[in-house]
Amino acid sequence: MNAALLSVRGIRKCYGERVALEDVSFDLWPGEVLAVVGESGSGKSTLLDAIAARSAPDAGLVQFRQRDGQLQDVFALGLARQRLLARTDWGFVHQNPADGLRMEVSAGANVGERLMGLGERHYGRLRATAIEWLQRVEIDANRIDDAPRSFSGGMRQRLQIARNLVTQPRLIFMDEPTSGLDVSVQARLLDLLRQLTRQMQLAVVIVTHDLAVARLLAHRMLVMQRGRVVESGLTDQLLDDPQHPYTQLLVSSVLQP
Ligand SMILES: Nc1ncnc2c1ncn2[C@@H]1O[C@H](COP(=O)(O)OP(=O)(O)O)[C@@H](O)[C@H]1O
Ligand SMILES: [Mg+2]
């Protein structure tokens, strides 16, 4: 039986004359972290937006296994059900935390909002859960009433992660979650992401141009060049013994001084 959590087939997307994605297919298994790598402009963000139903592709099929075990064609869902999925079973972590947070409302409200979307109204429980999640992402609980506008970049990104994970989603999409941060801050965030994905057995599709991020977090990788997947495989195998010339180039240009 094919028990993939997410099944992606034949995705194509054009911007006018420009083909941004061509025939992209893959499966994602429950609890699996998949890194999508490739140089800037290779179509990574376009792919992530398509499979997360943020922007419909021109062709192809995206199916998600719902909690009842049924595989659901994501684009056959109405907009309301797509949005519900995006707010509950899925998460989306943007490169720029300001795109995924409400910068003017408190950190606690940012975390509580998705729970309220699921029907939780009890103030004490919302606050307790928000405190628990701030602690899990290493934000001091006494910052709960501060707006993310007053947070550092790293704190904002950790808050965005808490906001996404609080509903116990089964699938998280991340677009370059560490790229905007200082190197020292990146290391701490990567450590946290690794810990949380393992603890929660999250399935993740993470877009990154940084092979070190893929090496640390991902079980498996897809390598994209000009909108196509040119190589895929287990992370260690792929990085240690790349087969496609483009992957060889990526690996050598990163790993050699
Ligand atoms: N909204 C858009 N309109 C026109 N072209 C776009 C748009 N978004 C992306 N592209 C083009 O599609 C290609 C893939 O872009 P993108 O998915 O952002 O790549 P990556 O995330 O790998 O850097 C690039 O050639 C880019 O210029
Ligand atoms: Mg991008």
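Into which domains is the chain divided? In this predicted model, local features need pLDDT of at least 70 and side-chain atom pairs count only at pLDDT 80 or more, while totals for chains, interfaces and linings use all residues. Residues are numbered from 1 along each chain as its sequence is written, with chains lettered from A and ligands numbered from 1 in the order in which they are written.

The chain splits into domain 1 (6-89 + 169-255) and domain 2 (102-167), with bounds from an automatic or database domain assignment. Their C-alpha centres are 25 Å apart. Domain 1 gives 13 residues to the contact and domain 2 gives 12, contact being C-beta atoms, placed from the backbone, within 7 Å. On the domain 1 side, helix α6 (residues 183-200) supplies the largest share, 6 residues; helices here are DSSP runs of H or I, at least four residues, numbered from the N terminus.

Helix α4 (residues 123-136) is worth a look of its own. Its 14 residues reach 20 Å from first C-alpha to last, close to the 20 Å expected at 1.5 Å a residue (1.5 Å times one less than the number of residues). Ala130, Trp133 and Leu134 of α4 are buried, that is, 20 or more other C-beta atoms lie within 10 Å of their own, against 12 or fewer for exposed residues. Seen down the axis of α4, the buried residues fall within an arc of 105°, so they line one face of the helix; the arc is taken over directions from the helix axis to the C-beta atoms. Their cover includes α3 (107-117) and α5 (153-165). Gly124, Arg125, Ala128 and Gln135, on the other side of α4, are exposed. After α4 comes glutamate 138, with a positive phi near 65°.

Definitions and conventions: Two residues are in contact if their C-beta atoms, placed from the backbone, lie within 7 Å. Helices (H or I, at least four residues) and strands (E, at least two) are DSSP runs, numbered from the N terminus.
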